[in-house]
Amino acid sequence: SGQRGALLRKEARRWFGTPSYVFNTGIGLLMLPGAGIAALIYRESIAQFLTMAHGLSLAPLLMVGIGFCLSTVAITGSSISLEGKQLWLLQCAPVPVTTILGMKVAFQLLVVLPFLVVSWVMLSLAFALSPVEWVLLLADSLLFALLCAPFGLWINLHFPKLDAVNDVIVVKQSASAMLSTFLPMVLVLAFFLLWVFAQNLLGSLGMLLLYGVVLAAAALVFLLLLIRQGERLFHQLSD
């Protein structure tokens, strides 16, 4: 109940009630548990591979795969644009802008977290990760999700498309939807290249720690940007 609950329900109705929105931002959600189920099914083959590839650190590579899936779940990247001509209702609502934007971020996190946790458990079991790798992989995955949600919203505030003739154009063809998906993928690619060239130097734990530091710093930056610039950018959309 309350303002936050009403805003969350509004985001849920918009997401579940827009098929193109669900389809374009939900594929990565299905890929997460799908990868975990496949890993458990082929657990014995994975164990044989790990035996042959002794010393190869795969936990960072799992983080790369999880990051790729999460980067496709750019719900906030279209959230402002889909308000369309009804945006003025939110701008006039007796609710702090920080609350409105915060609930858009919170909705994406609430959608992502169940799929992410289930995938993390299955992948960790299938690849026989150490307890420390379990914890670091979960922490990095949560930080990546915490980065993508405010980043997508920040991008959408800068590149809104409020005059689209239909929702498909917003979700599939708008600059915000594409940037909020592909720019996190660039970070995923950087993590993969780092794994390729630095795994022997840093090791599995070192790589995961480095990923965590980068993700925590980036998530903090975009959360602060939303807090400091979000209200101004939100009200400028009607100008």
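Which residues is serine 71 in contact with, leaving aside its neighbours within four places in sequence? In this predicted model, the contacts of serine 71 are Phe144, Cys148, Ser180, Thr181, Pro184 and Met185. Serine 71 has its place in helix H4. Its relative accessibility is 1%, and serine 71 therefore counts as buried. Thr181, one of the residues in contact with serine 71, is also among the residues that lie nearest the centre of the largest pocket.

The volume of this largest pocket is about 260 Å³. Its lining comprises 16 residues, and those nearest the centre are Asn24, Thr25, Thr72, Val171 and Thr181. Three helices, H2 (19-41), H9 (167-173) and H10 (175-236), each contribute at least two residues to the lining. The largest share, six residues, is supplied by H2. By residue class, the lining is made up of eight nonpolar, seven polar and one charged.

The largest nonpolar core contains 68 residues, among which Leu70, Leu101, Phe127, Leu157, Tyr211 and Phe234 touch the most other members. Two or more residues of this core are given by each of helix H1 (2-16), H2, helix H4 (59-71), helix H6 (87-92), H7, H8, H9 and H10. The surroundings of two core members, leucine 101 and phenylalanine 127, were examined individually. With neighbours within four places in sequence left aside, leucine 101 is in contact with Ile80, Leu153, Leu157, Leu226, Gly230 and Phe234. Of these contacts, Leu157 and Phe234 are themselves listed with leucine 101 among the core residues that touch the most other members.

Phenylalanine 127 is situated in the loop between helix H7 (97-126) and helix H8 (131-158). Despite this loop position, phenylalanine 127 counts as buried because its relative accessibility is 18%, and the cut-off for burial is under 20%. Residues up to four places away in sequence not being counted, phenylalanine 127 touches Ala39, Ile46, Leu50, Leu58 and Leu62. The C-alpha atom of phenylalanine 127 is separated by 19 Å from that of valine 196, a residue 69 places away along the chain.

Alanine 128 also lies in the loop between H7 and H8. In contrast to the buried phenylalanine 127, alanine 128 counts as exposed, at 61% relative accessibility. The backbone of alanine 128 has a positive phi of about 50 degrees, although this residue is not a glycine. For most residues other than glycine, phi is negative.

Aromatic pairing was also examined, and the structure holds seven aromatic pairs. In one of these, the ring centres of tryptophan 154 and phenylalanine 222 are 5.4 Å apart and the ring planes stand at 65 degrees, so the arrangement is edge-to-face. The assignment follows because planes over 60 degrees apart count as edge-to-face. This pair links distant parts of the chain, with tryptophan 154 in helix H8 and phenylalanine 222 in helix H10, 68 residues apart. Both partners are buried: tryptophan 154 has a relative accessible area of 19%, and phenylalanine 222 has one of 16%. Elsewhere among the aromatic residues, Trp15, Phe16 and Phe107 form one aromatic cluster.

Note on methods:
Residues numbered from 1 in each chain as written. Predicted model: local features only at pLDDT ≥ 70, side-chain atom pairs only at ≥ 80, totals over all residues. Heavy atoms only, no water. Helix = DSSP H or I, 4+ residues; strand = E, 2+ residues; numbered from the N terminus. Buried < 20%, exposed > 50% of the residue type's maximum accessible area, 1.4 Å probe, protein only. Contact = heavy atoms within 4.5 Å. 1 Å grid on protein atoms, 1.4 Å probe; cavity = no way out; pocket = protein on both sides within 12 Å on 5 of 7 lines; lining within 4 Å. Points joined across faces, edges and corners; volume = space filled by probe spheres on them. Nonpolar A, V, L, I, M, F, W, Y, C, P; charged D, E, K, R; others polar. Core = buried A, V, L, I, M, F, W, Y, C linked by side-chain atoms within 4.5 Å. Phe/Tyr/Trp six-rings, centres within 6.5 Å; stacked < 30°, edge-to-face > 60°.
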